[in-house]
Structures are given as C-alpha cells and as structure tokens.
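Please look through these notes with the model open beside you. They go from the overall fold down to single residues.

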Amino acid sequence: MFIVFRCRKCGRYLYAGKDVKTRQCTCGHRNNLRKVRIVARAKNEVEASEIVRKMQGSGTGFRSLA
Ligand SMILES: [Zn+2]
C-alpha cells in the first residue's frame, strides 16, 4: 500500500510506502507521514506515481515557490 500526500511546506504531491515514517520532498522539507494529509491511496508504486502525476497536472495552480 502506498499513500499520496502533499508536502507540508511547498504543497507538492508526493507518495511513499505506507510503512515509511518520513519522506523528504525535493524542496528539502522532511514530511512526517503521521502528520500529512493523505489525499489518495494506491496499491503499488506505479499506481501512486500515476496519481501524483495526475494531481500535479490537474490545474491546482501550483507553481514552484523557489
Ligand atoms: Zn516540499
């Protein structure tokens, strides 16, 4: 099982294995997976990355804050 969530700092969509405790975003923020809001769940990594790609590109208006 994989979870899809948003980085608490920059809002990027990320995914991680359900049993992973922390996941570092490309922005450098280390997300504690117990505190993030889960936006979707996936059976496997392929499905998770698919969801991330769709969400990232679905016009949430997110642009890099860098
Ligand atoms: Zn981030």
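Predicted model: local features only at pLDDT ≥ 70, side-chain atom pairs only at ≥ 80, totals over all residues.

1. Overall numbers. The protein has 66 residues, and buried residues make up 15% of them. Take the contacts with a separation of 6 or more: residues 24 or more positions apart account for 42% of these.

2. The sheet. Three strands form an open sheet in the order E2-E1-E5, with antiparallel pairing. E2 and E5 (38-42) are the edge strands, each pairing on one side only. From one strand to the next, the twist averages 25 degrees. Helix H1 packs on this sheet and touches E1, E2 and E5. The direction of H1 makes about 170 degrees with that of E2.

3. Pairing around E1. Five bridges join E1 and E2 in the antiparallel sense. E1 and E5 are also antiparallel, over four bridges. Valine 4 shows both pairings. It stands opposite tyrosine 15 in E2, and its bridge partner in E5 is alanine 40.

4. The hairpin. E1 and E2 form a hairpin with six residues between the strands.

5. The core. The largest nonpolar core has nine residues: Phe2, Ile3, Val4, Phe5, Tyr13, Leu14, Tyr15, Ala48 and Val52. E1, strand E2 (13-17) and helix H1 (45-56) each give two or more residues to this core. E1 provides the largest share, four residues. As background, nonpolar side chains tend to be buried together in soluble globular proteins.

6. Phenylalanine 2. This core residue has a list of contacts beyond its neighbours within four places in sequence. Among them are Tyr15, Ala16, Gly17 and Lys18. Ala42, Asn44, Glu45 and Ala48 are also in contact with phenylalanine 2.

7. Isoleucine 3. This residue is found in strand E1. Why does isoleucine 3 count as buried? It has 20 C-beta neighbours inside 10 Å, and 20 or more is the cut-off for a buried residue. Leaving aside neighbours within four places in sequence, isoleucine 3 is in contact with Tyr15, Ala16, Lys18, Ile38 and Arg41. Valine 20 is 17 residues from isoleucine 3 in sequence, and their C-alpha atoms are 9.8 Å apart.

8. Arginine 6. This residue also lies in E1 (residues 2-6). Arginine 6 counts as partly exposed because it has 19 C-beta neighbours inside 10 Å. A residue needs 20 or more to count as buried. Beyond residues up to four places away in sequence, arginine 6 touches Gly11, Arg12, Tyr13, Val36, Arg37 and Val39. One of these, valine 36, is 30 residues from arginine 6 in sequence. Their C-alpha atoms are 7.0 Å apart in space.

Terms used:
Residues numbered from 1 in each chain as written. Buried ≥ 20, exposed ≤ 12 C-beta atoms within 10 Å, placed from the backbone. Contact = placed C-beta atoms within 7 Å. Core = buried A, V, L, I, M, F, W, Y, C linked by C-beta atoms within 7 Å. Pairing = 2+ DSSP bridges. Axes fitted to C-alpha atoms, helices over the stretch in contact; angles between N-to-C directions.
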